[in-house]
Amino acid sequence: MTRFVAYLVRFAVILFGYAVASLAASAFLNVLFLASLGYTPDHTHPTMTASLYVSIPFVALFVAYFAFLPSVIVILVAEIIGRRDWLYYALAGAVVAGVFLGLVDHAQESIFAVKETGAIMAVIGGGMVGGIFYWLAAGRWAGSWWTDENPPISPAPSGS
């Protein structure tokens, strides 16, 4: 029973980490989009800040939707082999973003197709940021449930 509870807790942590990663990638993409339009911190207006409160979670829904299947594979591999380093998750986030870009590029008449180099790099950077934030929220404990409950008992030293 305790093993089942450990699996449920780990699954909840993974879902929380995925939500954090989606929000972080969305915030990164929103900030890059605003910067590409020429907005700087000096130009901040209260209505622009309020719009970020709505647009970041909204874009995070799209990020989470499109990155779900590749992320499941990456997270499953990380859990099985017990990868806990931030570099794995950053590179895995770039791979997930690359898979997304490849899928929408090959889809017929996709409205999500990204063709500009700057936008492609922004999506890959968003994937890397999402991967790093997943590591911060859940990846540092990857494979922690994958331990043997009954480690072998070492024999007692024999007396001479």
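Which residue follows α1, and what is its phi? That's Gly38, with a positive phi near 95°. A few close-ups of this predicted model follow, where local features need pLDDT of at least 70, side-chain atom pairs count only at pLDDT 80 or more, and totals for chains, interfaces and linings use all residues. Residues are numbered from 1 along each chain as its sequence is written, and side-chain values use heavy atoms, with hydrogens and water left out.

**View 1. Helix α1 from end to end.** Helix α1 takes in residues 2–36, 35 residues in total (helices are DSSP runs of H or I, at least four residues, numbered from the N terminus). From first C-alpha to last, α1 reaches 51 Å, close to the 51 Å expected at 1.5 Å a residue; the expected span is 1.5 Å times one less than the number of residues. Among the buried residues of α1 are Arg10, Ile14, Gly17, Tyr18, Ser22, Asn30 and Leu34. Here buried means under 20% relative accessible area, exposed over 50%, and partly exposed in between (1.4 Å probe, protein chains only).

**View 2. The largest nonpolar core.** This core has 16 residues, and Tyr18, Val74, Ile75, Tyr88, Tyr89 and Tyr134 touch the most other members. Helices α1, α3 (68–81), α4 (86–106) and α5 (117–137) each supply at least two of its residues, with the largest share, 4 residues, coming from α4. A nonpolar core, by the rule used here, is a set of buried Ala, Val, Leu, Ile, Met, Phe, Trp, Tyr and Cys residues joined through side-chain atoms within 4.5 Å. Apart from this one lies another core, of 5 residues, including Phe100, Leu101, Val104 and Val123.

View 3. Leaving aside residues up to four places away in sequence, Tyr18 touches Val63, Ala64, Ala67, Phe68, Ser71, Ile75 and Tyr134 (contact means heavy atoms within 4.5 Å). Ser22 also sits in helix α1 and counts as buried because its relative accessibility is 5%.

**View 4. The salt bridges.** There are 2 of them, counting a side-chain nitrogen of Lys or Arg within 4 Å of a carboxyl oxygen of Asp or Glu. Arg10 and Glu79 meet at 2.5 Å, N to O, linking helix α1 to helix α3 across 69 residues; both partners are buried. Arg83 and Asp85 pair up at 3.0 Å, N to O. Arg83 is partly exposed at 33% relative accessibility, and Asp85 is partly exposed at 29%.
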